[in-house]
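Here is a short briefing to read alongside the structure. Take it topic by topic, and keep the viewer open as you go.

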Amino acid sequence: MAGRGLSAPLSLLFLLLLLVGILPTGHGSSYISGYRLRSRLQRDRHIRNIRPNIILILTDDQDIELGSMQAMNKTRHIMEKGGTHFSNAFSTTPMCCPSRSSILTGKYVHNHHTYTNNENCSSPSWQAHHEPHTFAVHLNNSGYRTAFFGKYLNEYNGSYVPPGWKEWVALVKNSRFYNYTLCRNGVREKHSSNYQKDYLTDIITNDSINYFRMSKRMYPHRPVMMVLSHVAPHGPEDSAPQYSTTFPNASQHITPSYNYAPNPDKHWILRYTGAMKPVHMQFTNMLQRRRMQTLLSVDDSVEKVYNMLVETGELDNTYIIYSSDHGYHIGQFGLVKGKSMPYEFDIRVPFYIRGPNVEPGATNPHIVLNIDLAPTLLEMAGVDIPSDMDGKSILKLLDTEKPVNRFQLNRKGKTWRDSFLVERGKPPHKRADGKEVSQEENFLPKYQRVKDLCQRAEYQTSCQQPGQKWQCVEDPTGKLRLYKCKGMASLYAPRMQALMASGASQLHSSTSNSDSCICSPLDLKTTVLKRKRLLTKKKMKTSKTMSRNRWARSVPFELDGDLYAVDIDEGFQPLRSRNTSWARDRRRGAENEEESEEFSGMEVTAKPTTSHQLTPSAALKVTYRCSILMNDTVKCDGGLYKSLQAWKDHKLHIEHEIETLQTKIKNLRDVKGHLKKVRPEECQCNVPSYILKSKEAFMFNVGRIHSLRMPSKQKSEWLEKEQKRRKKLRKFLKRLQNNDTCSMPGLTCFTHDNHHWQTAPFWTMGPFCACTSANNNTYWCLRTINDTHNFLFCEFATGFLEYFDLNTDPYQLINAVSTLDRNALNSLHQQLMDLRGCKGHKQCNQEKGGKERNYFSEYRPVHRRKRPKVKKPSSKSLGQIWEGWVG
């Protein structure tokens, strides 16, 4: 009875437990196991996948100062309202490859040595020393699934996959939207001009989204890091067809500095270029329109990536960073287009970030740089930041500054940098004593310096003064040029000054107004037997049957019983290779008392008179239209002085001949080196055998030592230089073939015509030429932003200085370097030198407190409360102004 009494309540309890689903039976068992499985997955996800996903979206040449973000409403909505906008974001080098190398390594240019878009850009040195240490390598080693899509480096050739990337879909060479080649995980993939299949912006978007979904499906516990490196808005600015009619009246690029020219107070390029022409201004409007059209596809890409993160549930655990490699200018200071200038429009970039613990809708005024990206990505992933990275993580700037309680209302501001380095170009060469060699001692451009020198009396005569080394000559284009007094004129000028003075004016007028030169006759006879005394650099053996097997360094003449020489400078290279036997000339001279020479296309024309004296019309024929007269002046036929097209054609012909002969010289040197190596041994008939054996052993050892002394590095450097030389020659020949005469001395130029853009909207105003930059424009700048100062201070390699106070001159229209005193200049120079040589984040980030002033209080008068007076350092403590300064 007792057992039955207990069984009934137990059975009721058992049924109750089944109803509430605690005990496993049938379907209830599967539900509970599934519930436990999902709980375990979520718990593992929380433990293992606590590290966030990272997506870096990078554009190419996108500005922030010219209003490009106004075209990207979707991106601004996602990144501004959902994240933080850094209003003071900069690129430390406004050029593609140097800036991208800094983004990958977290280093300044002077530490990764990629100085230009060609110099060390994806070179063997870069691949060996810097590519193995990019942020991708560190993230990949820590367990991230890394992927890269889009443009990598300008000179990347697609022959390999850089270390650290699980998925690799990179553009070969520079930016293109159509007709390009991709390297997809080591396999080259060619694309044509079909929008649906080949438009690069869409391919980057679709491939990255597919990779993210696949990674989360196959490896749900592993975080993903992706780089979407778009080519927009870089040239050729091909937009998607659906956006080709947008922005018909784009004018955001017309800022107060637009076509602000001339600029006599700025560096030499801006003094040299001047204002734009009407066709250039029309081009800038079209260019701005096309650039903004390409950004609409990037805007769609950001929205698609955002929606994908929402669909996969990864949005709250993903950092999204949007930025550009550098800025751009369109018409500013009269420069039609380009980058590489140290001004705000080229160094400022858009910078947005959203993700975990990032305050939405905030604007952060702290300075962030492209070198901060690498350490920031590493700290997001929880990876230790290498000490050799020059940048710093910006995560601590994203923390909200809300007080913990009411007693912490006045919390101290964050400690962060207020100054950074902007650098561009190759470093100056160093002399033997270790000091840097400035490119120019004078800050004036070359043509202006030549003009000033030509005002001096010693340069205005035709190499007639005793000891005169230079003369000033006006070329057919009207420009003044300095030519060295060389050869015969420099020798007989001291002795024949009185003789030549009588006919100097007549000679000058005849050479400038007519096609022939009439001078007084001179006794001029070639002498072969005395050649040996004239060749001062290398001795040459002469004989009756000797043939000219090398180009002449000098041509001997006998003048009034004394021997002189006409030196042939390297600038007058021969046009073709043709040797003439001296023995044949001597036999011919015995018959008609006439000797002539032709040295590889350069001939001395000497026609004797009846009295066996040469007329002053004797000349050294350099080309088929130009010769060098006896007074060291160049004389060409009249057609070159009257026809501009003939002048251009002949100039291009001469440049082509120089390139050809340089190639031939190089080949001849190779043959000469080969002949030295394979020289036959002399016959050793009477020498004992033991001497021969010892000699052979010695030569064998010497050969081994010589082979050991030839490092592979030297060979690779030579191959790299040879490749650059051939590339330059190919470009020149292409220009010659296309009759391209767009060039200015010292500047890089571009041409544009109706066939340049292959997609709408089209350019229909015909061809034009514009020169806007230079390869040798090297500078170092100090950019400072804090509570009291906002300035840019630049030192150019020419010694020229620029200073702009952006609080009073936000568009940098006036160079105010003259308003700084000597102490301020020395202080600025010292800080700039410290940054130029810095290595690592400790040296490269001179941190200042949130409300702390730097020590440049004397740069600009600011109206503020009175502070205790601090004794300024004396001029003795500061020392003299630095060497090389130009004021």
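**A loop histidine and its surroundings**

His234 sits in the loop that runs between strand S7 (224–229) and helix H10 (268–273). Please keep in mind that this is a predicted model. With a relative accessibility of 11%, His234 counts as buried, because the cut-off for that label is under 20%.

- Leaving out residues up to four places away in sequence, His234 touches Asp60, Asp61, Cys96, Lys151, Asn174, Ser175, Phe177 and Lys339.

**The protein as a whole**

- The protein has 887 residues, of which 47% count as buried.
- It contains 26 helices and 28 strands.
- Taking contacts between residues at least 6 apart in sequence, 67% join residues at least 24 apart.
- The protein exposes about 47100 Å², and carbon and sulfur atoms supply 53% of that area.

**Two helices packed on H11**

- A pair of packed helices is described by the angle between their axes and the distance between the axes.
- Helix H3 (residues 73–82) packs with helix H11 (residues 278–312) at an angle of about 40°, and their axes are 7 Å apart.
- That angle makes H3 oblique to H11, and the crossing of these helices is left-handed.
- On the H3 side, Asn73, Lys74, Thr75 and Ile78 take part, meeting Asp299, Asp300, Val302, Glu303 and Tyr306 of H11.
- The residues of this contact of H3 with H11 comprise three nonpolar, two polar and four charged.
- Helix H9 (residues 200–218) packs with H11 at an angle of about 10°, with the axes 10 Å apart, which means that H9 is roughly parallel to H11.
- From H9, Thr201, Thr205, Ile209, Phe212 and Arg213 meet a set of H11 residues, among them Ser297, Val298, Ser301, Lys304 and Val305.
- Sorted by class, the contact of H9 with H11 has six nonpolar, five polar and three charged residues.

**Enclosed helices**

- In helix H4 (residues 96–105), ten of the ten residues are buried, so this helix is largely enclosed by the rest of the structure.
- The buried residues of H4 include Cys96, which is also one of the residues that His234 touches.
- Gly106 follows H4 and has a positive phi, near 75°.
- In helix H13 (residues 373–380), seven of the eight residues are buried, so H13 too is largely enclosed by the rest of the structure.
- Those buried in H13 are Leu373, Ala374, Pro375, Thr376, Leu377, Leu378 and Met380.
- They pack against H4, helix H7 (135–141) and the strands S1 (53–59), S8 (318–324), S9 (351–354) and S10 (362–369).
- Gly382 follows H13, again with a positive phi near 75°.

- Phe90 is found in strand S2 (residues 84–90), and it is buried, with a relative accessible area of 1%.
- Phe90 and Phe420 are 330 residues apart along the chain, while their C-alpha atoms are separated by 9.4 Å.
- Beyond its neighbours within four places in sequence, Phe90 is in contact with residues including Glu344, Arg348, Asn370, Phe420, Arg783 and Ile785.
- Glu167 lies in strand S4 (residues 167–171) and is buried too, with a relative accessible area of 19%.
- Arg145 is 22 residues from Glu167 in sequence and 8.2 Å away in space, C-alpha to C-alpha.
- Apart from residues up to four places away in sequence, Glu167 touches Thr146, Ala147, Phe148, Phe149, Asn185 and Tyr211.

- Most residues other than glycine have a negative phi.
- Asn185, a residue other than glycine, has a positive phi near 55°; Asn185 sits in the loop between strand S5 (181–184) and strand S6 (187–190) and is partly exposed at 38% relative accessibility.
- Gln812 likewise has a positive phi near 55°; Gln812 lies in the loop between strand S27 (801–805) and helix H24 (822–836) and is buried, with a relative accessible area of 1%.

Methods: Residues numbered from 1 in each chain as written. Predicted model: local features only at pLDDT ≥ 70, side-chain atom pairs only at ≥ 80, totals over all residues. Heavy atoms only, no water. Axes fitted to C-alpha atoms, helices over the stretch in contact; angles between N-to-C directions. Helix = DSSP H or I, 4+ residues; strand = E, 2+ residues; numbered from the N terminus. Parallel < 35°, antiparallel > 145°, perpendicular 65-115°, else oblique. Left-handed = near helix turned anticlockwise from the far one by under 90°. Contact = heavy atoms within 4.5 Å. Nonpolar A, V, L, I, M, F, W, Y, C, P; charged D, E, K, R; others polar. Buried < 20%, exposed > 50% of the residue type's maximum accessible area, 1.4 Å probe, protein only. Areas by Shrake-Rupley, 256 points an atom, 1.4 Å probe, with all protein chains shown as cover.
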